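Please open the structure in a viewer and keep the selection panel at hand.

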Amino acid sequence: MREIDLHMHTDISDGSESPENAVRYAKYKGLKAIAITDHDNVAGVKRAIEEGKKQGIEVIGGLELGCGYEGREVHMLAYGIDPDNEKLLKTLKWILEDRDLRNERMAANMEKDGIRVNLAEMKRLHSNSTIGRPHFAVRLVELGLAESVQDAFNRYLDPGQKYYLRRSFLTIEEAAEFIHEAGGKAVLAHPRQYRMNDERLRILLSRCKAAGVDGMECIYSGYDDEYKDYLKSLAAEFGFFITAGSDWHGKNKPHIEMAWGLNGEVEAGYELIRNIKDHETK
Ligand code: AMP
Ligand code: FE
Ligand code: FE
Ligand code: ZN
């Protein structure tokens with residue numbers, strides 16, 4: 001049953017649609033519940049919850065955070081956070097300031113090579129949003145320097161490419177702690193994206209477990225049945241609840257469809273939400 005989607009981005013981060021439109025679209029698709037999980041920003045949470053009340057669809061306040069792990073980045077989702085929590089807002093402010101500095105440096109590097117990214121205009125267009133590499137990618141496509149967002153990442157923005165700059169990250173422990181303080185539950189996002197073998201993935205999961213992480217995203221765009229089953233068995237072994245999400249970004253990642261994924265592999269029923277609510281943070 002396709003009833004929920006717990007991972008999506010609005011124009012508060014790098015999605016194309018407003019929080020209200022994302023909720024309306026979920027309603028149109030017949031979903032019972034969704035979570036809005038913008039990168040490093042909760043400015044869309046209350047708006048989405050309000051719209052959910054109007055539309056008669058449950059909206060869970062969420063967030064997606066990048067965490068530093070062994071010189072790279074893993075993503076932590078948060079569910080059920082209080083968007084007014086002071087510590088949360090303070091931490092997110094720090095993250096956004098750090099991003100701002102990085103955006104300035106990335107833009108300067110591109111402008112030096114004659115690429116007219118126009119960061120001021122980007123900021124004006126997205127004044128309430130988390131600006132990051134995806135916005136630079138869209139701009140590179142507009143300038144005719146890349147064919148698609150994906151192509152822009154491959155050629156310019158992925159680690160190892162010319163304009164990539166690493167930003168500052170929370171550790172897994174810091175992320176889990178402040179998500180819990182804000183009343184939320186912490187969930188390790190899209191484990192396959194980290195390209196780890198079984199042994200290394202287990203090391204990551206042990207570290208998450210010790211940090212108090214509550215759940216793991218086992219149903220995700222592009223994950224086939226075999227891989228989803230593998231993740232579910234790991235979740236059972238480590239005592240994580242299971243979540244499902246497409247990582248919908250609207251028109252900015254047009255190949256990903258809400259509550260569907262690439263080929264229909266993102267399918268989950270409402271019972272997953274009951275499991276999240278029933279789970280006691282240790
Ligand atoms: P940032 O946080 O500014 O470093 O940007 C990271 C975000 O860019 C991720 O959360 C994804 O939404 C997007 N992203 C990262 N790598 C790629 C890629 N290779 N192709 C498309 N989108 C990507
Ligand atoms: Fe994104
Ligand atoms: Fe992510
Ligand atoms: Zn995401």
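The tour below moves from the ligand to its surroundings and then to a salt bridge.

This is a predicted model, in which local features need pLDDT of at least 70 and side-chain atom pairs count only at pLDDT 80 or more, while totals for chains, interfaces and linings use all residues. Residues are numbered from 1 along each chain as its sequence is written, ligands are numbered from 1 in the order in which they are written, and side-chain values use heavy atoms, without hydrogens and water.

Select ligand 1 and the residues with a heavy atom within 4 Å of it. This shell holds 14 residues, and the closest are Asp14, His39, Arg99, Arg102 and Arg133. By class, the shell comprises 2 nonpolar, 5 polar and 7 charged residues; Asp, Glu, Lys and Arg count as charged, Ala, Val, Leu, Ile, Met, Phe, Trp, Tyr, Cys and Pro as nonpolar, and the others, Gly among them, as polar.

Next, display the polar contacts (pairs of N or O atoms within 3.5 Å). Oxygen atoms of ligand 1 lie 3.1 Å from a polar side-chain atom of Asp14, 3.2 Å from a side-chain N or O atom of His39 and 2.9 Å from one of Arg102. The protein buries 85% of the 500 Å² that ligand 1 exposes when taken alone (Shrake-Rupley method, 1.4 Å probe).

Finally, select Asp40 and Arg99. They form a salt bridge, with their closest N and O atoms 2.8 Å apart (a side-chain nitrogen of Lys or Arg within 4 Å of a carboxyl oxygen of Asp or Glu).

Note on methods: Polar contact = N/O pair within 3.5 Å; in protein donor to acceptor, adjacent residues only side chain to side chain.
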